[in-house]
Amino acid sequence: MKKRQISASNVLNEAYKYGSSFSRGMAVEFPQYTMLYISGTASVDEKGDTYKPYDFDAQVERTYLNITKLLESENATWHDVVFTTVYIKDMSDYSKFNDYRTEFFKKNNVFPFPASVCVQSRLCRDDLLVEIEAQAVVEKKENSD
Amino acid sequence: MKKRQISASNVLNEAYKYGSSFSRGMAVEFPQYTMLYISGTASVDEKGDTYKPYDFDAQVERTYLNITKLLESENATWHDVVFTTVYIKDMSDYSKFNDYRTEFFKKNNVFPFPASVCVQSRLCRDDLLVEIEAQAVVEKKENSD
Amino acid sequence: MKKRQISASNVLNEAYKYGSSFSRGMAVEFPQYTMLYISGTASVDEKGDTYKPYDFDAQVERTYLNITKLLESENATWHDVVFTTVYIKDMSDYSKFNDYRTEFFKKNNVFPFPASVCVQSRLCRDDLLVEIEAQAVVEKKENSD
């Protein structure tokens, strides 16, 4: 069993660069599949700055981009995601979130949808309005390893 | 490895019927066992309406019923649940929650208890007071598949 | 597949001793590895009392101690942890939390860091300021079982 950290530093800086001791994600390899544990991911850019402070719609889009790139770094896609936990700073944004996600999954042909939960929580920075963590199970290709 | 969505539409509508793009649960089949990821589940009925708005005790009961039926759809029970995450809108309801859960597990002979966490969070609808997500690991029967 | 509850009763009482029907953690044994699901763990002592009420720094230290002992009960360490969920009662304590965690992981030579998320939530007791849940994947020794 091998474990390694996941990163997508072209869109999202490494958290430990500003003193936060967590990985953007962890990959755990089992014989036939790999489990991906994607950290709580928000609208943060490659320099570690908040992308579009206080702008809910733009932040949702960036959050999905960041997670997509983290998945891609492991040759995974949203089809491999089995669960997401969504934290929203203000639950009155929930319907906007749902609209975006519905479009996003339709555009990417993701069905069945991952299981999920969404609750309201204050996040680590005041200007961040949404944060999503994700868990994926990725089947290994026959000819890999 | 097969993945499929879980549903229990006789007690709990499909979330995507009202525009929420998540499954009520996901089942991931591995060679010897199946992992179940049950979405955040609340006191919602088969039409998608809140069952007993603002009534904590009734909502807890309904939430456990809904999860029980989601588990049953995969021939699983609460004995297979390894972790639950409990979100309560008002933490002053925590002792009532504990009392219900203790009785429920006693009645269903669930021991050891699942691991768990309980925090306070505002939920997706104002009239919902409790929401629970669950993860289960279900052993496959020798003669199945 | 065997499941068993995890405990570390020399530092942390059993939750069911005060009527909370959850295990401090669950271990699920698979053929080649064991998955550990550590419950939301806070600054609670072996009698079930809050250790250092309202003292954030002392509570973070105790919380890490409690989880360390739960891991040790399964011959696991923080190197096996793949994900943590951190709940803080007041997000203004986040940088203090990060400083402690960075030191703790440095001292214990933990790298890569686990994936993680941190949000603000009110916890089950007013005098508790931090709570952490953790998931670990522990490889089985060749000569065990």
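Q: In what relation are α1(A) and α2(A) to each other?
A: Two packed helices are described by the angle between their axes and the distance between the axes. The axes of α1(A) and α2(A) come within 10 Å and cross at roughly 40 degrees (axes are lines fitted to C-alpha atoms, for helices over the stretch in contact; angles run from 0 to 180 degrees between N-to-C directions). α1(A) and α2(A) are therefore oblique to each other (under 35 degrees is roughly parallel, over 145 roughly antiparallel, 65 to 115 roughly perpendicular, the rest oblique). Helices (H or I, at least four residues) and strands (E, at least two) are DSSP runs, numbered from the N terminus. The model is predicted: local features need pLDDT of at least 70 and side-chain atom pairs 80 or more, while totals for chains, interfaces and linings use all residues. Residues are numbered from 1 along each chain as its sequence is written, and chains are lettered from A and ligands numbered from 1 in the order written.

Q: Is the crossing of α1(A) and α2(A) left-handed or right-handed, and which residues make the contact?
A: α1(A) passes α2(A) in a right-handed crossing (near helix turned clockwise from the far one by less than a right angle; anticlockwise is left-handed). From α1(A), Phe56(A), Asp57(A), Val60(A) and Tyr64(A) take part, and from α2(A), Lys96(A), Phe97(A), Tyr100(A) and Phe104(A) (contact: C-beta atoms, placed from the backbone, within 7 Å). By class, this contact has six nonpolar, no polar and two charged residues (Ala, Val, Leu, Ile, Met, Phe, Trp, Tyr, Cys and Pro are nonpolar; Asp, Glu, Lys and Arg charged; the others, Gly among them, polar).

Q: In what order do the strands of the open sheet in chain A stand?
A: Strands of a sheet pair through backbone hydrogen bonds, either parallel or antiparallel. In chain A, six strands form an open sheet in the order β1-β2-β3-β6-β4-β5, with mixed pairing (pairing needs at least two DSSP bridges). The edges are β1 (2-5) and β5 of chain A, each with a single partner strand, so one side of each has no neighbour in the sheet. On average, neighbouring strands of this sheet are turned by 10 degrees against each other, direction ignored. β3 (residues 33-41) of chain A pairs with β6(A) in the antiparallel sense over seven bridges; Thr41(A) has Ile132(A) in β6(A) as its bridge partner.

Q: Which strands does α1 of chain A lie across?
A: Helix α1 (residues 56-72) lies across β2 (25-29), β3 and β6 of chain A, at about 25 degrees to β6(A).

Q: What rotation superposes chain A on chain B?
A: A rotation of 120 degrees with 0.0 Å of shift along its axis does this, with an RMSD of 0.0 Å (least squares on C-alpha atoms of residues with pLDDT of at least 70 in both copies). The two copies are thus related as by a three-fold rotation axis. Ser121(A) is the residue of chain A that comes closest to the rotation axis, at 3.8 Å for its C-alpha.

Q: How many residues does the contact take from chain A and from chain B?
A: Chain A gives 21 residues and chain B 24. On the chain A side, β4 (81-88), α2 (94-107), β5 (115-120) and β6 (130-139) each supply at least two residues. β5(A) gives the most to that side, with six. By class, the side of chain A that touches chain B has 14 nonpolar, five polar and two charged residues. Only 5% of the interface residues of chain A are also interface residues in chain B, so the copies meet through different surfaces.

Terms used
Two residues are in contact if their C-beta atoms, placed from the backbone, lie within 7 Å.
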